[in-house]
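Here are my notes on the model you sent over. Please read them with the coordinates open.

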Amino acid sequence: MKMHLMARAPNEGARIIARWIAREFGGDLDGASARVGASGSFLQRMIDGSLEPGIATGHALTKRCGVRPRDFNRPAQAGWFDADDAKAAA
């Protein structure tokens, strides 16, 4: 199952997860889901901004891609795949 992205990232947590899935799994949610122990549809809903991870999934995502719980309550700092240095220049 391939991930689908909206025009804009709904929050910084979704942006970080999407970048990790694109980089490590070529956008394949099933590959990422096996790594973190959550279903592909659950990961897609986090990317859509309609869900936040629970403790177990959040801990697995923090270890894998560096997303933190507060990232889901912050606006996206840049576009989906903008370089990290682009947000520093803004």
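1. Basis. This is a predicted model: local features need pLDDT of at least 70, side-chain atom pairs count only at pLDDT 80 or more, and totals for chains, interfaces and linings use all residues. Residues are numbered from 1 along each chain as its sequence is written, and side-chain values use heavy atoms, with hydrogens and water left out.

2. H1 against H2. Two packed helices are described by the angle between their axes and the distance between the axes. The axes of H1 and H2 come within 9 Å and cross at roughly 105°. Axes here are lines fitted to C-alpha atoms, for helices over the stretch in contact, with angles from 0 to 180 degrees between N-to-C directions. H1 is therefore roughly perpendicular to H2. The scale: under 35 degrees is roughly parallel, over 145 roughly antiparallel, 65 to 115 roughly perpendicular, and the rest oblique. H1 supplies Trp 20, Ile 21 and Phe 25 to the contact, and H2 supplies Leu 29, Gly 31, Ala 32, Arg 35 and Val 36. Contact means heavy atoms within 4.5 Å. By class, the contact residues of H1 with H2 are 6 nonpolar, 1 polar and 1 charged. Ala, Val, Leu, Ile, Met, Phe, Trp, Tyr, Cys and Pro count as nonpolar; Asp, Glu, Lys and Arg as charged; the others, Gly among them, as polar. Helices are DSSP runs (H or I, at least four residues), numbered from the N terminus.

3. H2 against H3. At what angle do the axes of H2 and H3 cross? The angle is roughly 100°, and the axes come within 8 Å. H2 and H3 are therefore roughly perpendicular to each other. Leu 29, Ala 32, Ser 33 and Val 36 of H2 meet Gly 40, Leu 43, Gln 44 and Ile 47 of H3. The residues of this contact of H2 with H3 divide into 5 nonpolar, 3 polar and no charged.

4. Helix H3. Which residues of H3 (residues 40-48) are buried? They are Gly 40, Phe 42, Leu 43, Gln 44, Met 46 and Ile 47. Buried means under 20% relative accessible area, exposed over 50%, and partly exposed in between (1.4 Å probe, protein chains only). Their cover includes helix H1 (12-25), helix H2 (29-36) and helix H4 (55-65). Gly 49 follows H3 and has a positive phi, near 90°.

5. Aromatic pair. The whole structure holds 1 aromatic pair. Trp 20 and Phe 25 form it, edge-to-face, at 5.2 Å centre to centre and 85° between the planes. Rings of Phe, Tyr and Trp (its six-membered ring) pair if their centres lie within 6.5 Å; planes under 30 degrees apart count as stacked, over 60 as edge-to-face and the rest as tilted. Trp 20 is buried at 3% relative accessibility. Phe 25 is buried too, at 18%.

6. Ser 33. This residue sits in helix H2. At 12% relative accessibility, Ser 33 counts as buried. Its side chain reaches the backbone oxygen of Asp 30 at 2.8 Å. That is a polar contact: a pair of N or O atoms within 3.5 Å; within protein, one must be able to donate a hydrogen and the other to accept it, and residues adjacent in sequence count only if both atoms are side-chain atoms. Beyond four places in sequence, Ser 33 touches Ala 38, Ser 39, Gly 40 and Leu 43.

7. Val 36 and Arg 64. Val 36, in helix H2, is buried at 8% relative accessible area. Neighbours within four places aside, Val 36 is in contact with Trp 20, Leu 43, Ala 60, Leu 61 and Arg 64. Arg 64 lies in helix H4 and is partly exposed at 33%. The side chain of Arg 64 reaches the backbone oxygen of Arg 35 at 3.3 Å.

8. Asp 71. Is Asp 71 buried or exposed? Asp 71 counts as buried, at 0% relative accessibility. Asp 71 lies in the loop between H4 and helix H5 (84-89). Its side chain reaches the backbone nitrogen of Arg 68 at 2.8 Å.

Note on methods:
Helices (H or I, at least four residues) and strands (E, at least two) are DSSP runs, numbered from the N terminus.
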